[in-house]
Amino acid sequence: MYTIKTFQQLLTDKLAKHQGTTVEEASDKDLYYAVASIVKEEMNENWLKTRQKYKEQDERQVYYISMEFLIGRLMESNLLNCGMLDVCTDTLKSLGRDPEAVYNQEHDAALGNGGLGRLAACFLDSIASLRYAGHGSGIRYRYGLFEQRIIHGNQVELPDYWLKEDYPWETRKPEEALKVQFGGEVHTHRRFDGSLEFSYNDVDIVRAVPYDVQVAGYDNDVVNTLRLWSAELPPEDSSILADSESKYYHHLDHMHSIEQISGFLYPDDSHYEGKELRIKQQYFLVSATLQNIIREYKERHRAPLHKLHEKIVIQINDTHPSLAVPELMRILMDDEGFSWEEAWEVTTQTIAYTNHTTLSEALEKWPVDMIKNLLPRVFMIIYEINERFCKGIWFDHPELRDRIPEVAVIAHDQVHMAHLAIVGSFSVNGVAKLHTEILKNKEMKPFYDLFPEKFNNKTNGITHRRWLLQVNPKLSDVITEAIGPQWIKQPSKLIGLMRYSNDQPFLDKISSVKQHNKLVLAQLIKERTGITVNENSIFDVQIKRLHEYKRQLLNIFHVIYLYNELKDNPALDLTPRTFIFAAKAAPSYHMAKEVIKLIHHVASVVNNDKDIGDKLKVIFLENYNVSLAEKIIPAAELSEQISTASKEASGTGNMKMMMNGAITVGTLDGANIEIRDLVGDPNIFIFGLNSEEVLDYYAHGGYNAKGIYHTDERVRKIMDQLNGGEFGSQEIEFKDIFYHILYNNDPYFVLKDFDPYIETHELIERSYRNQKAWQKMSVANIAYSGKFSSDRTIHEYASDIWKLKPLK
Ligand code: F58
């Protein structure tokens, strides 16, 4: 355990030795690197010990393969988990330095788009904190998710070169590099026993070099590994002798393309783009990870590979790593001499698949020719998997014969990755109850009919250590003071707060923490936008990727509605509101970018209208990322979770805000339903169509959006304002939104849910006026949020799917 004095000494030594400077002279960056090196050294010993223990105990292990790990900054969470956050912060203060300025030196590792990538990061924290043997495997993209700038209301994307400066948390392991093969030709030979043997010629080789990032458990000495693969040119390849011009050019092409494989993260969420580079990234990740797993298995266990599934489980995060199925088959058959049946047995007992969406545009389907050219042997295996699967249905399930085209792995010259993942795994899980039900009864029904035992639900969670303890220390102190510190390791203990829901001094403390956090956020808003917000206004927050289904448009319609009301009736008695948005749109998503533009133009009208004053303010904070979320969430009072019911698989921002005492206004979608089931109707604001109604409308061709436009004056006025350029100028108008809603029949039900949404906000407004009642609601939300800790989620994965025991 460090004291301020010993930590100070350590810091002074580090600065002198590594940077040749003193505490007084050191820049914030110098201090950042010095602290990082202290923490890393602290973790190193436990890292080694953890690996040794895993080896000794010979227990089952999980590999979590994901194209995204949205880890954000690691300094504070590593300090926290190693028990050094307070002492480090106090030491920096005692030296007259601003700890926040030091921690802010770290560039976010934005190796993910949104929920799916952040979930993977939360899972790593919980796996280590619960002492499970779990390893993350992902890609070390040189460019993370783009940086967003807003210019004249328009989103502009800038490359996120996060590795511009040294990244202190990674360790390059060149001696553990592996080779991944693309292209070439497959040759078949018959062995003496009649079985077939495959060899490959003229393949392009990419070197996969691992960079390991330590993942420290909370206060338990466990340090696991997140292994990020980087694509490089194999050293022996740089001097290749090409014996023909075409080979030479092919080689140059290959050299050029290698760089790109771990070049950048695809910036699309909920929409899949059939780009060749993307499938290359996927195969690169999967092949390197599987070779690594087999190598580690051989080193660790004396058991033959036929028992791989007894020791190893591989969880694939969505279908992006589903080439793991044919790749594991390939390795087992071609490199390890397994028969098809043996390899299939092991593969399908090793791999488990998590689905994160039912949006059809997100379902990955790759053209057969693309996979055939890029991965000829892998394609042969996928082809065979499909043949055997379809024949199996034909003979064993005659009742499902008509459905074969719907479930085939290869259909219409495309490989359906979700089908491959379901057929090749032993577990398929959704990420919230409703979502899993929709998978079972609708989206994946024929598969559920075939393999009901594979389907299960694992409601998402978030690490309460980062999202409460770390980002909201004041609230954490109030909680600990009331119920003791056990909630940090057992988040379900938060329920103990319910005992205080009538305790006025406690409620006052909760509300003064919120007030403090609001002031801090108000200051950040002032610094970043120049806008002064009323700290007594309701902080109404919607922060998430911009997507039509998430309905930021409905939120901004509410703003316009209130603005219109106030203009008509300036004396209207309205509790002031600050609407806070942050969102990135996929660069090619026109409608999403239009909504960002609309929010900015509405903001500029509303914020500059003297009649409105500080009754309404609209704030858009640019470049939404993990660090920004950490600053906004502790100050949120109202959490907007207003997706079109059935579309949001789970949501995790809903959980983060609930845990920080915000009240949800939301639809009956994703995990909102489970939040409602826990806190009860009086502690949440639910409105709008439910998923059955939405799905029913879809089944019957939608509803009549024009009807609402014609009958609801409030709606008509807003729509006409968009169409008439009221929130823009001659050149800037929002006709695309207007026409999209009216002529594409409002596919996300914005107009349909407008009236109940407004009505609910009126109720919210009345509820907020009764501050005591509001504080009680807030406490109930914090108290019931324990269920949404990823510790609970990981316990469920570990006991139901992974069958892991915690490290002794
Ligand atoms: C999200 N998916 C879901 N996808 O939308 C959200 O409801 C859920 O809470 C979360 O997963 C965690 O389960 C999501 O974030 C992506 O970002 C993909 C990135 C790659 C392309 C396809 C979408």
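Biologist: What is the strand order in the open sheet of three strands with antiparallel pairing?
Modeller: This is a predicted model: local features need pLDDT of at least 70, side-chain atom pairs count only at pLDDT 80 or more, and totals for chains, interfaces and linings use all residues. Residues are numbered from 1 along each chain as its sequence is written. Strands (E, at least two residues) and helices (H or I, at least four) are DSSP runs numbered from the N terminus, and two strands pair if DSSP finds at least two bridges between them. The antiparallel order is E15-E17-E16.

Biologist: Which are the edge strands?
Modeller: An edge strand pairs on one side only.

Biologist: In E17, which residue is the bridge partner of Pro367?
Modeller: E15 and strand E17 (residues 414–416) run antiparallel, joined by three bridges. In E17, Pro367 has as its partner Gln414.

Biologist: Now the open sheet of six strands: which strands stand at the edges, each with a single partner strand?
Modeller: This sheet has parallel pairing, in the order E22-E21-E20-E23-E24-E25. A strand with a single partner has one side left without a neighbour in the sheet, so the edges are strand E22 (616–620) and strand E25 (685–686).

Biologist: How are H1 and H4 set to each other, roughly perpendicular or roughly parallel?
Modeller: The axes of helix H1 (residues 4–19) and helix H4 (residues 85–94) come within 9 Å and cross at roughly 75°. Axes are lines fitted to C-alpha atoms, for helices over the stretch in contact, and angles run from 0 to 180 degrees between N-to-C directions. Under 35 degrees is roughly parallel, over 145 roughly antiparallel, 65 to 115 roughly perpendicular and the rest oblique. H1 and H4 are therefore roughly perpendicular.

Biologist: Which residues in H4 meet Ile4, Phe7, Gln8 and Leu11 in H1?
Modeller: Contact means that C-beta atoms, placed from the backbone, lie within 7 Å. By that test, the H1 residues Ile4, Phe7, Gln8 and Leu11 meet Val87, Cys88, Asp90, Thr91 and Ser94.

Biologist: At what angle do the axes of helix H6 and helix H32 cross?
Modeller: H6 covers residues 115–129 and H32 covers residues 790–802. Ser790, Asp791 and Ile794 are the H32 residues in their contact. The axes come within 9 Å and cross at roughly 70°.

Biologist: Which domains give residues to the shell around the ligand?
Modeller: The shell has 20 residues, and the closest are Gly115, Leu116, Asp269, Ala649 and Ser650; near means a C-beta atom, placed from the backbone, within 6 Å. Domain bounds come from an automatic or database domain assignment. Two domains give residues, so the ligand lies between them: domain 2 (58–73 + 108–460 + 794–802) and domain 3 (464–688 + 759–788).

Biologist: What distance separates the centres of domain 1 and domain 3?
Modeller: Domain 1 takes in 1–57 + 74–100. Taken over C-alpha atoms, the centres of domain 1 and domain 3 are separated by 34 Å.

Key
Two residues are in contact if their C-beta atoms, placed from the backbone, lie within 7 Å.
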